[in-house]
Amino acid sequence: MIDSPDEAARDIPLTIMSAALHRRDPDAGAILKALASALKGLTAHDENTASIFIELTEQGLGKTPAADLWRQIMAADLSFFQSETAQSLRAEGRDEGRAEGRAEGRAGALLLLLDRRGVSLSEGERARIVGCCDVEVLDVWLTRAITASSAAEVFESEGS
């Protein structure tokens, strides 16, 4: 188990193998952090090789919690990498953030509209609106709220 940044920097391929072999170990995070530190140092000299090592690490971790941790490290600590994985993780994060922002904006507009129209909401109904992440559903509710006189009219199913 290679969990020292200095040791990882001396032999990055061996550290990648260590990460893959210990991917289910509770201390896998220490290996991945050491590897990330070593890759930061490598990037200054050889970004292409560092990108290959990043990809190999991700493949070696499979579908384990360690792989999720590796993706988080890649998105945060190694944001300077231009590898395909690093770029797609950053884009994925931006897209998720935009979608969440759109949903929050729609929910806020819906709550404001209902409040201004004097339509009262229970705590459960308010939580349902705030907790909804589906922009299309929120748009339907927002459209209904323009003429609704009750929360029930906003939430009624299409078949009613």
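A contact here means heavy atoms within 4.5 Å. With that in hand, welcome to the tour.

This is a predicted model, in which local features need pLDDT of at least 70 and side-chain atom pairs count only at pLDDT 80 or more, while totals for chains, interfaces and linings use all residues. Residues are numbered from 1 along each chain as its sequence is written, and side-chain values use heavy atoms, with hydrogens and water left out.

**Whole chain**

Among contacts with a separation of 6 or more, 60% join residues 24 or more positions apart. Switch to a surface: the accessible area is about 9300 Å² (Shrake-Rupley method, 1.4 Å probe), and carbon and sulfur atoms own 51% of that surface. Of the 160 residues, 35% count as buried, meaning under 20% relative accessible area; exposed is over 50% and partly exposed in between (1.4 Å probe, protein chains only).

**Helix α2**

Next, select residues 12-21, helix α2, and pick out T15. T15 counts as buried because its relative accessible area is 0%. Leaving aside residues up to four places away in sequence, T15 touches I2, E7, A8, I31 and L35.

Now select L14, also in α2. L14 is partly exposed, at 41% relative accessibility. Together with M17 and L21, L14 makes a nonpolar surface patch of about 320 Å². Patch residues have over 30% relative accessible area and no salt bridge, and nonpolar side chains (Val, Leu, Ile, Met, Phe, Trp, Tyr) are joined within 5 Å. A salt bridge puts a side-chain nitrogen of Lys or Arg within 4 Å of a carboxyl oxygen of Asp or Glu.

**Helix α4**

Move on to residues 47-61, the 15 residues of helix α4. From first C-alpha to last, α4 reaches 21 Å, close to the 21 Å expected, which is 1.5 Å times one less than the number of residues. Colour A50, S51, F53, I54, T57, G60 and L61: these are buried. Just after α4, G62 has a positive phi of about 60 degrees.

**The aromatic pair**

Finish with the structure's one aromatic pair. The ring centres of W141 and F155 are 4.8 Å apart and the planes meet at 90 degrees, so the pair is edge-to-face. Rings of Phe, Tyr and Trp (its six-membered ring) pair if their centres lie within 6.5 Å; planes under 30 degrees apart are stacked, over 60 edge-to-face and the rest tilted. W141 sits in helix α8 and F155 in helix α9, so the pair ties together parts 14 residues apart in sequence. W141 is buried at 7% relative accessible area, and F155 is buried at 12%.

Definitions and conventions: Helix = DSSP H or I, 4+ residues; strand = E, 2+ residues; numbered from the N terminus. Patch = residues over 30% accessible without salt bridge, like charges linked within 9 Å, V, L, I, M, F, W, Y side chains within 5 Å.
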